[in-house]
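This report describes the strand arrangement and one surface feature of a single model. Please keep the sequence and the structure in view while reading.

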Amino acid sequence: QVDLQASAHNIDRNSLLTGARFGPPESSGGAIYLVLGRLFKLHPKFDDVLLRILDTDPTGIIALIIEPQRFILHDLWSRLKKRALFLFGNDLLLRRIRFLHYWKYIEILSIATLVLDTYPYGGCLTALDAMSNGVPLVTLPSTFERGRFAASIYAQMNFTHLVARDADDFISIVTRLGTDATFRDQAIASLQGAYPQVHHTRDVANEWAKFFTRVLR
């Protein structure tokens, strides 16, 4: 765990975001909706969610961590552009998407408004990175285990405020956190109070132990 509050004081938000644009620049004064998950996890279903978040919050920024394999970045950008043209008739929303180098991971996390868990392939370590540092993470659990890690961690904390029911609910929670400072402050306080419980439960480890014991017999 890193002291993100201390780190945030030394970061020039505008320089960090302006230098990370892929498309033409636009204002970066709104909420930072951070996606920590690897770009290859971004399913086309999640493309629509990202675009709708930007459409709902006209000042928000989507920030993603770049991949060393440039073709992944270009494929994603092309896909987002085509989808934006289909949904909105133009690609102006892409002006508020930023790609940052992995070395900027801690810097962007320290100033992010919140973190978006990817769907339907969710994160685990990235979810813990956000939660352990008190940054709200919104998740939409999918049917299979690969998309339920964050929701499972929240369940251990008895903290379900940021677990969405469906895509519409996900977007609603995300944009409320991004635009309602009081709601976000309450979410952060609740998260910080609940997170320590994650390290004091053996339920998940015991369930895995039972599973492996059963299948190896």
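## Pairing of E1 and E2

Strand E1 (residues 32–35) and strand E2 (residues 61–65) run parallel and are joined by four bridges, and within this pairing Leu-64 of E2 is the bridge partner of Val-35. The model is a predicted one, and the description that follows should be read accordingly. Together with helix H3 (residues 44–56), E1 and E2 make a β-α-β unit, which is right-handed.

## The sheet around E1

The open sheet has five strands in the order E3-E2-E1-E4-E5, and the pairing is parallel. Its edge strands, E3 (97–100) and E5 (137–138), each pair on one side only.

E2 is also paired with E3, in the parallel sense and over four bridges, with Leu-64 standing opposite Phe-99 in E3. E1 likewise pairs with strand E4 (residues 114–116), in the parallel sense over two bridges, and here the bridge partner of Tyr-33 is Leu-114 in E4.

## Side chains of E1

In a regular strand the side chains alternate between the two faces of the sheet. In E1, Ile-32 and Leu-34 point one way while Tyr-33 and Val-35 point the other way, and all of them are buried.

## A nonpolar surface patch

Val-204, Trp-208, Phe-211, Phe-212, Val-215 and Leu-216 make a nonpolar surface patch of about 570 Å². Of these residues, Trp-208 lies in helix H10 (residues 203–215); because its relative accessible area is 38%, Trp-208 counts as partly exposed, a class that lies between the cut-offs of under 20% for buried and over 50% for exposed.

Methods: Residues numbered from 1 in each chain as written. Predicted model: local features only at pLDDT ≥ 70, side-chain atom pairs only at ≥ 80, totals over all residues. Heavy atoms only, no water. Buried < 20%, exposed > 50% of the residue type's maximum accessible area, 1.4 Å probe, protein only. Pairing = 2+ DSSP bridges. Right-handed = clockwise from strand over helix to strand, strands pointing away. Patch = residues over 30% accessible without salt bridge, like charges linked within 9 Å, V, L, I, M, F, W, Y side chains within 5 Å. Areas by Shrake-Rupley, 256 points an atom, 1.4 Å probe, with all protein chains shown as cover. Salt bridge = Lys/Arg side-chain N within 4 Å of Asp/Glu carboxyl O.
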